[in-house]
Amino acid sequence: MSQTFTLDGQSIPFADGQTILQAATAAGVFIPHLCYHPEFKPHGSCKLCTVKVNGRHTASCTMRATPGMTVESNTEDINAERRSLVQMLFVEGNHFCPACEQSGNCKLQATAYQLGMMSPHFDHFFPSRALDASHPEVLLDFNRCILCSLCVRASRDVDGKNVFALSGRGIKTRLIVNAGSGRLADTNFSPADKAAGVCPVGVFLKKRRGFAVPIGERRYDKAPIDSIAEEI
Amino acid sequence: MTANDMSPDVVAGVVDRVVARWRGDPTCMVQILREVQEACDWISPEAIDRLQTALGVPRTKIEGVAGFYSFFYLRPRGQYRILFSDNVSDRMLGSQALLERLCHNLWIEPGKVSEDGLVSVDRTSCTGMCDQGPGLLVNNLAITRLDAGRIDEIAERVRNRVPLAEWPAEWFRVEDNIRQPGILLGHDMQPGDALRAALALGDDGPAALIEAIKKANLRGRGGAGFTTGLKWLACRNAPLKPGQGRVIVCNADEGEPGTFKDRVLLTSYADLVFEGMTLAAYAVGARRGFLYLRGEYRYLLEPLTAVLERRRRDKLLGAGILGLPGFNFDIEIHLGAGAYVCGEESALIESLEGKRGTPRNRPPFPVTNGYLDQPTVVNNVETFASAALIALKGADWYAAIGTRQSAGSKILSVAGDCARPGLYEYPFGVSVRQVLADCGATNTQAVQISGPSGVCVGPEEFDRVIGFEDIPTAGAFTIFDDSRDMFEVARNYVHFFQHESCGFCTPCRVGTSLLKNLMDKLHNGCGSPYDFAEIEKLNLLLQSMSHCGLGHTACNPVLDTIKKFRPAYEKRLVQKDFTPAFDLDRALAAARQMTGRDDAAAHLVKATSGEDA
């Protein structure tokens, strides 16, 4: 790993084929992200990880590092743009942190704190999205879905089941499950699936396990998201 | 019981027939879904059940794809599915009143299906009939030149359940409206001439052809203007993995509102286009070609299929083209299904592969990793047609036409406020003023060039010229006279982008909706300088953070009109201080509709200023 690029003035080593985000994470530098997960092929859709490479905006999760490139990430301007994206995700769905079982474990919430988001800013869309409580062990609450497709990728690429997919288009894009009835109970989903554990927000909720760890003692309650190493 | 009900056995029969026709190939999913819907009127759960087994793909994949395209219906939409073209030029010709008239005649609401399940009426993005609008699609077939009389006759035929085949052919007639032909629209090439000229160069033919295309300085006509010769060369030189081949794709997904030149090229100049594709195949060594035709031009499928068939008979397609051993190439037509984003080349390739039309992460680019990961040339219809002329008449002849930076000609789709809408072909370098004079436009306030993703020019800029060095364009040239409200024009375009956003990336998916809401807020009289600042801020965010060109350009109509027609916006900022977009009286509309009341007592007195609200 003799090659390097510059990230906010710091020299970052990288191996061939590594993306900017991968190399930065390995070097202990945090770049905000939601749809990226180290175990899956980068998707590049949430755009939270956008950086400026030689002055141009690009998603750092999909852009491969090249020797000598100059990358800006932790700047006032870029963080303001990222904050707007997080605000967009908040108003697009129905995110009520104080009453949410995922509060403290939610990456969207933790990223909002990290970026200093003080209000949703935009008018809420208040979409009408149904719950799917059909499965005996897992509840799906689509109100919180941010369309990152991590469960889609996990179910397809790891579980080999294709339980989840995105359908619709534009603002009407939505998560669907693999059943004619549209119900999770009618799929071959299992709570042990990889797909059940990768949601960065709170779409997947284990039944009868609510608030097992009190709010205030959860992952991001204890330390902000930018201080915690990526789980592998 | 709806009129769409078919027995599961019949549906299964349809699905099996269609799947067999497409070789049971899941990469043809979009075509399979289209043909199933053409036979069944919608894509029912029973149809999906059968597709799942016949194609061996999960249901999520089928519903994911079907849900992406506007023209695929996962719920019944009637035997007659009527979609009014909602481009700004259709609106200027009175499409709104005609839509209301049809709904009134049929006793239905826009967007909903009639209670007997017979008919639905809704809006769709520009159908490419701007020079002969207002237009609509009925079961994806185009009807042009609508007026009140025609609307009433349509309603009568729907009510009497007259099959579409028995509707007057005159309604479906689409004119070419060629007002000014140039080297393309006035060409005299016979099918095969350009290919024979290229083959006459002998063993060095492919390299010499690419050299000629480069020397002619041909640049892509889809808007981006990439050098065609370099694209072909990159594809030719791209390494192949075992089992791979090179692919030629013609982008005929002419979705930019106000553009219709590819429709005419494919109606009356299809040989020129197919010849250009075949030349590209010869140059890069491709065996497989696709014409990706927008779903709005469904009526062109049979005529184009016949042209391909004739060219096969004449040895201009197929194995051993013009008797040259090893020169094997054929073209398959794929139809789009109502998704503007598929005009973006990587989204188009996704759609060709039977997927949701989401733009890919780039790099890698299609020239190295395109259709099924193979090296792929994607060019616009007009680019291929121009390439054929270059092969026939030579690079020097072509390069001498137009300007130094922009060689050759450009076909403009002229519509809006002018006496003679239609196609005008000019050498590059023509001024906006000249085009306006030729088409008989008077009192022109603005011209939207290259559609909503292009630029809006005002009178002080009419001496600017069409060309890559000044105003590049994919072809749309929409004219607004001084009676038009440029804020409303921009609002129509914002609605378009919101409808067409693919939803993949956050800034475009949410940002285009926020922008639409803000423009509607101004329209509804709740706008303040705060909202104006928000609109500008959102546009800049879309420009910098979006995944593809759609998001990057979705802000153009607004930023341009703000810059050039600021009074049209300021007029809308009627509130001094921030005023919520929520309007209680408007929110009660649903209650009024349910109770069938619209009298004065059913309305709240509306606040007139920010202070009172």
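Because the model is predicted, local features are reported at pLDDT of at least 70 and side-chain atom pairs only at pLDDT 80 or more, while totals for chains, interfaces and linings use all residues. Residues are numbered from 1 along each chain as its sequence is written, and chains are lettered from A in the order in which they are written.

**Where the chains meet**

**Two helix pairs in chain B**

Next, select helix 1 (residues 8–21) and helix 3 (residues 45–55) of chain B, which pack at an angle of about 40° with their axes 9 Å apart; axes are lines fitted to C-alpha atoms, for helices over the stretch in contact, and angles run from 0 to 180 degrees between N-to-C directions. That angle makes helix 1 of chain B oblique to helix 3 of chain B, since angles under 35 degrees count as roughly parallel, over 145 as roughly antiparallel, 65 to 115 as roughly perpendicular and the rest as oblique. Among the residues making this contact are V11(B) and V15(B) of helix 1 of chain B, and R50(B) and L51(B) of helix 3 of chain B.

Then move to helix 9 (residues 205–215) and helix 15 (residues 381–393) of chain B, which pack at an angle of about 110° with their axes 10 Å apart and are therefore roughly perpendicular to each other. L209(B), A212(B) and I213(B) of helix 9 of chain B meet A387(B), I390(B) and A391(B) of helix 15 of chain B, and this contact has six nonpolar, no polar and no charged residues.

**The nonpolar core**

Now select V249(B), V273(B), L279(B), A280(B) and A391(B), the residues with the most contacts inside the largest nonpolar core, which has 243 residues. A nonpolar core is a set of buried Ala, Val, Leu, Ile, Met, Phe, Trp, Tyr and Cys residues joined through C-beta atoms within 7 Å, and a residue is buried if 20 or more other C-beta atoms lie within 10 Å of its own, exposed if 12 or fewer, and partly exposed in between. Helix 12 (residues 270–284) of chain B gives the most to this core, with eleven residues. Centre the view on A280(B), which touches W232(B), I248(B), V377(B), F384(B) and A387(B), not counting residues up to four places away in sequence.

**Backbone details**

Finish with the loop between helix 14 (345–352) and strand 9 (376–380) of chain B, where P363(B) is placed. The peptide bond from R362(B) to P363(B) is cis, with omega near -5°, and the peptide bond from P363(B) to P364(B) is cis, with omega near 0°.

Key: Helices (H or I, at least four residues) and strands (E, at least two) are DSSP runs, numbered from the N terminus. Two residues are in contact if their C-beta atoms, placed from the backbone, lie within 7 Å. Ala, Val, Leu, Ile, Met, Phe, Trp, Tyr, Cys and Pro count as nonpolar, Asp, Glu, Lys and Arg as charged, and the others, Gly among them, as polar.
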